[in-house]
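Try each task before you read its solution.

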Amino acid sequence: MAILKLNWYLVVKRSSCSFLGEQECSPYKSIRWLSISPSYSRLIFTNFFSITLLFCSFEQNLLNMSIFADKLILWYRANQRTLPWRDNPNPYFIWLSEIILQQTRVVQGLPYYLRFVEQFPTVQDLAKAEESEVLRLWQGLGYYSRARNLHTTAKMVCEKHKGIFPTQYSELLKLKGIGTYTAAAIASFSTGERVAVLDGNVFRVLARNFGIFEDIGSGKAKKIFTQTAQELLPEGNSAEYNQAVMEFGALHCKPVNPDCPNCIFQVSCYAFAHKKQQELPVKIKKTKIRIRQFDYLVWEHEDKVLMKIRKEKDIWQGLYDFDLVENMDFFETDFGKKMEIKSVSPIFAHILTHQKLNVRFVRLEIKEKAVFEQIKAEKGLQVFQRTEIEALPKPILIANYLANHFF
Ligand code: SF4
């Protein structure tokens, strides 16, 4: 029977190779070929022997999948990092850690997580906080909409769920800032619900192991990867498996220099066999980087400074910055030619997801209080004592300037 199974696996694999061409020849294609090709399936069903082979193939695939999961879990038990949000099924802590770690490395996110848990030990504490307090604690992590959503969701959990954080995948998806990945993580880690996580690490591990060449930014890829990830989930141990596959991607099958020579999947990995590690996963870049020039005007009078809260619906909403002149050299303006300049900072390059900001800070000392008040009123700015600025939530760009060139 074992030989029969092996033969069948090779028959399917070879058929799909010759049919689909070299690049498409992957275990992933072989596994799925029966389900995507009705004509091929009809061919197989023409005699009893083929039916037997078909079931053997399915059995083989299930076996392969469970071996994959078992190997991964064993690796995880031996190699996992000790992290404070692991081994605690409290969905509030899992949620905090997941939101903080989106687009953030563990080493950078860990101190933020610890500060949030200390300051807001329950979801009720977070809901009661002022938004500015949450933003201030978040300062430096970037993507501030995550912090605003965090706060909104905490309030929602208190209002609609009596302060009890939901754990069901379908319920979690209704909360602000919680997408399919975060909902799957919270549901599986807290209660073991059988839903597979799919983040950048999982895309990479699956694409490389099973030779999936679909662009991971496409809707089609999302479907394929979700289905594959779901099929790999072992019965009754989704929490550990989900953590294992993400940890394996983060520590071992890394984007650059994956540790292939010491890998548990070396004999079966498609990318290793075909030297496609750098090509997988496929990610087609579509977004163009926009370059913006900012001149920030720091208006000062004695120990007072003018700042402004960003009200626009943008990534810095709710944070404080200075009077902004964009895409115009301040020194070339009529106003700029007349002003007495206290100092000009070097240019700060600040990278956002789809933008590069080149930023200069110009300090302007206003001698007369009446002029200072007039500028404040005309430009809709707020007055702060120098000593008050530190406590305000600010983009990290502003915080860095203040720390290095102002105080
Ligand atoms: S062999 Fe290399 S590419 Fe394949 S899973 Fe292991 S580390 Fe990743």
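**Exercise 1. Find what share of the chain's residues is buried.**

Solution. Start with the rule: a residue is buried if 20 or more other C-beta atoms, placed from the backbone, lie within 10 Å of its own. By that rule, 30% of the 407 residues in the chain are buried. Keep in mind that this is a predicted model, in which local features need pLDDT of at least 70, side-chain atom pairs count only at pLDDT 80 or more, and totals for chains, interfaces and linings use all residues. Residue numbers start from 1 along each chain as its sequence is written.

**Exercise 2. Describe how H12 packs against H13 and H14.**

Solution. Two packed helices are described by the angle between their axes and the distance between the axes. Axes are lines fitted to C-alpha atoms over the stretch in contact, with angles from 0 to 180 degrees between N-to-C directions. H12 and helix H13 (residues 219-232) pack at about 85 degrees, with their axes 11 Å apart. That makes H12 roughly perpendicular to H13, a label for angles of 65 to 115 degrees. Now the residues: Val202, Phe203, Leu206 and Phe210 in H12 meet Phe225, Thr228 and Ala229 in H13, where contact means C-beta atoms, placed from the backbone, within 7 Å.

Turn to helix H14 (residues 238-251): its axis and that of H12 come within 8 Å and cross at roughly 85 degrees. H12 and H14 are therefore roughly perpendicular to each other. On the H12 side, Asn201, Val202, Arg204 and Val205 meet Val245, Met246, Phe248, Gly249 and Ala250 in H14.

**Exercise 3. Which residues are closest to the ligand?**

Solution. Count a residue as near if its C-beta atom, placed from the backbone, lies within 6 Å. This gives 14 residues around the ligand, the closest being Cys253, Pro258, Cys260, Cys263 and Cys269. Helix H12 (200-210) and helix H15 (270-274) are the elements that give two or more residues to this shell.

Terms used: Helix = DSSP H or I, 4+ residues; strand = E, 2+ residues; numbered from the N terminus. Buried ≥ 20, exposed ≤ 12 C-beta atoms within 10 Å, placed from the backbone. Parallel < 35°, antiparallel > 145°, perpendicular 65-115°, else oblique. Contact = placed C-beta atoms within 7 Å.
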